[in-house]
Amino acid sequence: MAQAKKLMRALAGEMHAVPPVWLMRQAGRYLPEYKATRAEAGDFLSLCYNPDLATEVTLQPIRRYGFDAAILFADILLVPQALGADLWFVTGEGPRLSTITGPEGLAALKPAGAIHETLAPVYETVRILSRELPAETTLIGFAGAPWTVATYMIAGRGTPDQGPAHGLRQNDPATFDALMERLTEATIIYLSAQIEAGAEVIKLFDSWAGSLKGEAFTRYALEPAKRIVGALKAAWPHVPVIVFPREAGDNYVGFARATGADCVALDNSVSADWAAANVQTDGCVQGNLDPRHMVTGGQDLVDETRRIVEAFRKGPHIFNLGHGITPEADPDNVHRMLEAIRG
Ligand code: 1CP
């Protein structure tokens, strides 16, 4: 079947002089319309679980910028909540969760199959979006990878070095491995439901993969991604999967092939020239403009954007940032970036 959507064609290996583009966190606090809808919802989690308002914030950046993809508005931490963890957000600080420090914490979690009870509104958002998005816009569903989600469940918050999670995996591997297993199962169930509701592409965010080294990277980043991609591909061989083992460095090489993914998303700590020579040789890559350019703008933004497009011109590429756009970003800089890409 001929695929009309540009982002889908890039994922299938097609090359473009003007690559498809979307941004991580494209719905978010840098947009005044997002802040208004979030205020209407009351708080962040109420926004995530309100299908009409979550649809609205997903569509806002599409209306404003005409990106090639929309990413479902939700959060990677909804899965721990659906497994029974307490979750709340402290304004100006970030997420807080109940912690898992040993076998009791694990025993208190619900089975993976119980997540639909909590996550049903998210599937409804996907269903509404698949009806309402423009015909040329691809709908991306997502989840956090087990390691990244586990780091939050163990520490109860975001951590600079994921120390508590490394501590549990070294000191109580039985509990840690059982948590990873529960998360892997829940992630497969969650992403399957998103595909059934209409998600056309899946992205797996392993934001803290970079702190796993050597054998630990293989075991806790690569292996779970491979299982998740394998399970999705067994049921939906034509649904592309983008994997994002952020700050993987040399471990980006061969990651798509080893996991069966269609595309690897690159953070901005690797150079585009290096990634073109060592990662894009396996297929589509996504990335990797430093998000700070969305704050600082100017000629540097234009030059860097063009340099990245040029570096990845010899293979399939989806333009994106190397990490999420920040609340301090200037919405006009996104227009400048698009102008530099699309001309
Ligand atoms: O105050 C607010 O309005 C909340 C800010 C916010 C937003 C807009 C959070 C809290 N999550 C989100 C949405 C979100 N999160 C999306 C929606 C779609 C889009 O990209 O537009 C997605 C895909 C995520 C994914 C996510 N959440 C990740 C993986 C990607 C990444 O940024 O590395 C992670 C690590 C989270 C956890 C999380 N949720 C929110 C925050 C501030 C964080 C990071 C916490 C930390 O610093 O450790």
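Modeller: The second largest cavity holds about 40 Å³ of space. Its lining consists of Ala145, Leu204, Asp206, Ala221, Ala225, Val243, Phe244, Pro245 and Phe255. Strand 5 (201–206), helix 11 (214–235) and strand 6 (241–245) each give two or more residues to this lining. Strand 6 gives the most, with three residues. By class, eight residues of the lining are nonpolar, none is polar and one is charged. Here Ala, Val, Leu, Ile, Met, Phe, Trp, Tyr, Cys and Pro count as nonpolar, Asp, Glu, Lys and Arg as charged, and the rest, including Gly, as polar. Helices (H or I, at least four residues) and strands (E, at least two) are DSSP runs numbered from the N terminus.

The model is a predicted one, in which local features need pLDDT of at least 70 and side-chain atom pairs count only at pLDDT 80 or more, while totals for chains, interfaces and linings use all residues. Residues are numbered from 1 along each chain as its sequence is written, and side-chain values use heavy atoms, with hydrogens and water left out.

The search runs on a 1 Å grid over the protein atoms alone: a cavity is a set of points where a 1.4 Å probe fits but cannot get out, a pocket is an open set with protein on both sides within 12 Å along at least five of seven lines, and lining residues have an atom within 4 Å of a point. Points are joined across faces, edges and corners, and a volume is the space filled by probe spheres set on them. By this rule there are two cavities of 30 Å³ or more.

The largest cavity has a volume of about 60 Å³.

The open spaces come next. The largest pocket has a volume of about 1,400 Å³, and 43 residues line it. Those that lie nearest its centre are Arg25, Arg29, Phe44, Asp75 and Phe89. Helix 2 (32–41), helix 3 (44–48), strand 2 (87–90) and strand 3 (94–97) each supply at least two residues of the lining. Its composition is 23 nonpolar, 11 polar and nine charged residues.

The second largest pocket has a volume of about 260 Å³. Of the 11 residues that line this pocket, Gln3, Met8, Ala12, His238 and Pro240 lie nearest the centre. Seven of the lining residues are nonpolar, two are polar and two are charged.

The domain assignment, which is automatic or from a database, gives domain 1 (1–23 + 266–343) and domain 2 (72–257). The lining of the largest pocket draws at least three residues from each of these domains, and the lining of the second largest pocket likewise draws at least three from each. The centres of domain 1 and domain 2, taken over C-alpha atoms, are separated by 24 Å. Where the domains meet, 16 residues of domain 1 are in contact (heavy atoms within 4.5 Å) with 20 residues of domain 2.

Some points of backbone geometry remain. Most residues other than glycine have a negative phi, and most peptide bonds are trans. Glu247, in the loop between strand 6 and helix 12 (255–259), has a positive phi near 60° although this residue is not glycine. Glu247 counts as partly exposed because its relative accessibility is 43%; buried means under 20% relative accessible area, exposed over 50%, and partly exposed in between, with a 1.4 Å probe and protein chains only.

Gln162 also has a positive phi, of about 55°, without being a glycine. This residue is found in the loop between helix 8 (146–155) and helix 9 (163–171). Gln162 has a relative accessible area of 3% and is therefore buried. Beyond its neighbours within four places in sequence, Gln162 is in contact with Trp147, Thr151, Trp208 and Ser211.

A cis peptide bond, with omega near -15°, runs from Gly287 to Asn288. Asn288 belongs to strand 8 (residues 284–289).

Note on methods. Contact = heavy atoms within 4.5 Å.
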